[in-house]
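Okay, thanks for coming, everyone.

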Amino acid sequence: MIRKKRTEILIKGSPEVSAKLAQEILTVHEVTTIEEPNNSLVMVKVRESAQRSLFYLGEVLITECKVMIKGILGIGMIKGHEPVLAYNLAIIDAAYNANLPETNEWANLLLSEEVKIKEACEALNNKILKTKVNFATMDV
Amino acid sequence: MGYVAVKGGTLAIEESIKRLKYERLKKRVVLDCHKIEGGMRCLIDQVMSESSLYNETLAAMAIKQAEGSPEEAVFLMRAYRSTLPRKHYSRTVESEDMLVERRISASFKDIPGGQILGAANDYTHRLIDFNLNEETDEEAVNWIREYALENVVDQDKTDLTNLPKVLNYLREAGLLPSCERDNREPDDVTKESLQFPTSRSERLQILTRGQTGAVTSIGYIALRSYGALHPTVGELRIGKLPLHVDNPFNEQNEDEDAYYIGEIKVTEVETLFPEDIQKFTGQKEIEFSLGYGICYGQNETKAIAMSILDHCLETGNPEYPTHNEEFVLLHIDSVESTGFISHLKLPHYVTFQSKLDSVRKSKKGQVGQNMESNEELNP
């Protein structure tokens, strides 16, 4: 599974999923922490829609962690102060980068988590769509 | 006159800081940061926007420490921000990718995807709800449960992650000039001192981190007195934007190899300004120009005011101070303006003594002159 989709599912989904996958790796492989989870900033680059140019909107606090498995690096990055999640994400990233056999079994779990995320998102969308205005033309 | 070094304030300062803590705690109630985060959404959004640092938890702590003063909370956030390394830049965020929670247009009744009111104070009576004085956590939990269980008729299949932009509709209809993407790297006002004339990216960065009150007031000045503009909000949308960071070990920066790191809530406004344009034929035609506003969180007034000021600064009419980039951009930053005003409280003993000496000398000179002139009048 590509990194963009994988990280979105792991961050939007239950933290239990990332904890479970990371634990699976920790019980079998040696994981070396290269960079402890620490806070830093990401500058957000935005495209404005009036002239479609780029500018910097501001910074976002993130937690970042780097680990190594079998000499292969993995990075965990997440918005906010989330040291445990950043560590787990780094382990999962390293596992995918190192093509560990465990990762072959993870696709179904991640896809089923994606379904749950979509269901929760749909429920939220339906609530928001209840605030949509239904204009009716008045007879004057 | 030379400078005189003095000491002796340390104990007084320590006691003053104790008094400050006493003022915060004197009612023997401690504010829970989670409760601030839960119940002070708009203040948190304002503080994050003005400090240019997105993190609700930090903003809640800063608000607690500042006893609810936004300027002090912003100062704390900016100070903390300066201790952190900036390790990454996000991939370009496109507001078309927003998961919309509220979206309205004052220009068109019927917009593709519809007018979605979302959460807003606009439709409330603005009467104080005295029941809130007795509100409990248990009631809140019950209300949330009941709200979640309310029947939702799942007939509207509008995709809130892919709502078309009103501006695009106008561009496609030929009512606005089409516009190519400008991919030049933006300037960064946090890295380089501002030089005039500024670039568009610098102007937008300063406006979005401007103090809400200042941006609103100067925007209001532009509407009411200096230029007497009356724009129309083409589209105001509030929602969440996904953030992605490129893989630092992949120089090709492939989209699919990026890291998703979470989402941020923003308010975005596109404003339309009708303008009379003199054509070559001598005829006058009305055309629209645009203003753009965006800020962290839900802060609609600030985003609309920003769009007005964006248009003013792009126009640059020398008749009006609101069109002067030095006038606007150098005076709307919270830390800069409150800091400069506050510095007047700091000891100015030497400079003031110097002024006092001058006053005394000139008074003495006047008295001497008066005496001389009196002697001349009364020899």
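This is a predicted model: local features need pLDDT of at least 70, side-chain atom pairs count only at pLDDT 80 or more; totals for chains, interfaces and linings use all residues.

Residues are numbered from 1 along each chain as its sequence is written, with chains lettered from A and ligands numbered from 1 in the order in which they are written.

Chain A puts in 47 residues and chain B 66 residues, where contact means C-beta atoms, placed from the backbone, within 7 Å. On the chain A side, strand 2 gives the largest share, 10 residues; strands here are DSSP E runs of at least two residues, numbered from the N terminus. By class, that side has 22 nonpolar, 12 polar and 13 charged residues, with Ala, Val, Leu, Ile, Met, Phe, Trp, Tyr, Cys and Pro as nonpolar, Asp, Glu, Lys and Arg as charged, and the others, Gly among them, as polar.

There's strand pairing too: strand 1 of chain A runs parallel with strand 2 (residues 86-89) of chain B over 3 bridges. Pairing needs at least two DSSP bridges. V42(A) has H88(B) as its bridge partner there.

So which residue contacts does L309(B) make beyond its neighbours within four places in sequence? They are L207(B), V215(B), I218(B), G219(B), A222(B) and V328(B).

Notes
Two residues are in contact if their C-beta atoms, placed from the backbone, lie within 7 Å. Helices (H or I, at least four residues) and strands (E, at least two) are DSSP runs, numbered from the N terminus.
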